[in-house]
Amino acid sequence: SVLAISDLTPTDDLAVEEVRFIEQFNPAYVYCRVPLEHLATVHHLERHGFQFVECQIRSTVRFTRDYDVSRYPYEYQRVVTREALDEVLDIAASTVVHDRFTMDPAIPPSISGTRYQRYVEKSFSTPDEAVWRLYDPASKQTLNFRTHRVTASGEALLLLGGVHPEFKNLGFGVIASYFCFNQMRREGFRRAVTHISAINYPVFNLEIGSLGFRVNATFAVLRKVYP
């Protein structure tokens, strides 16, 4: 079991709670995401053996314009077949390297890729989520993928995204974002929220520096691994 602790305060008896959830769930991994300004809660977790593993940034973007993608010979497609999904899953297994599971020495190396594949499969099968890909019809290859969840009328949560490992650092992250934002605007979305790790400099620079995302919250993520 993997557990998430929510709404923790510095006055909560975490020792008692830990005994309860160990007896009930026998967890392998427990984490808590705390607003970065709540230092007393961060220290409360640290005193009980939780370790800081990630600074997470939440940001928001508004879809207010169309991007000119006419010079790019690609297609932006919703993934609706198993064949296309398998291509996306191959990318998801290896493309994400800036996350708390990949960086954590206490986590087996294969866990992160498997975790992302399962999230993508969930988005493929859940009605309020979707998987999209940037596709090159000339090479018949998936270059990039993105997933999102509808959270309200005109609003979405951007979940995962990644460029095929063979095509990283070639600008496909930017191109895929242009296609994605155009598509979301056409579907009536006005804004979206996303979360990234602060060490993911390429995505941070892309979203904050180039695409108009605005930071509205930061979080400390702490975890405890059990035998």
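Biologist: What is the relative accessible area of E87, and does that make the residue buried, exposed or partly exposed?

Modeller: E87 has a relative accessible area of 25%, so it is partly exposed. Buried means under 20%, exposed over 50%, and partly exposed in between (1.4 Å probe, protein chains only). One caution: this is a predicted model, where local features need pLDDT of at least 70 and side-chain atom pairs count only at pLDDT 80 or more, while totals for chains, interfaces and linings use all residues. Residues are numbered from 1 along each chain as its sequence is written, and side-chain values use heavy atoms, with hydrogens and water left out.

Biologist: Which side chain does E87 meet in a salt bridge?

Modeller: Side chains of opposite charge can pair when their charged atoms come close. The test is a side-chain nitrogen of Lys or Arg within 4 Å of a carboxyl oxygen of Asp or Glu. E87 meets R133, at 3.6 Å from N to O. E87 sits in helix α3 (residues 82–92) and R133 in strand β5 (residues 129–136), so this pair links distant parts of the chain, 46 residues apart. Helices (H or I, at least four residues) and strands (E, at least two) are DSSP runs, numbered from the N terminus. R133 is buried, with a relative accessible area of 9%.

Biologist: How many salt bridges are there in total?

Modeller: The count is eleven. One of them joins D104 and R223, at 2.6 Å from N to O. D104 lies in the loop between α4 (100–103) and α5 (110–125), and R223 in strand β9 (residues 214–225), so the pair ties together parts 119 residues apart in sequence. D104 and R223 are both buried.

Biologist: Which parts does the pair R191 and E155 tie together?

Modeller: The side chains of R191 and E155 form a salt bridge, 3.4 Å from N to O. R191 belongs to strand β8 (residues 191–197) and E155 to strand β7 (residues 155–163), so parts 36 residues apart in sequence are tied together. E155 counts as partly exposed, at 24% relative accessibility.

Biologist: Which residues are linked in a network of salt bridges?

Modeller: R82, D86 and E121 are linked in such a network.
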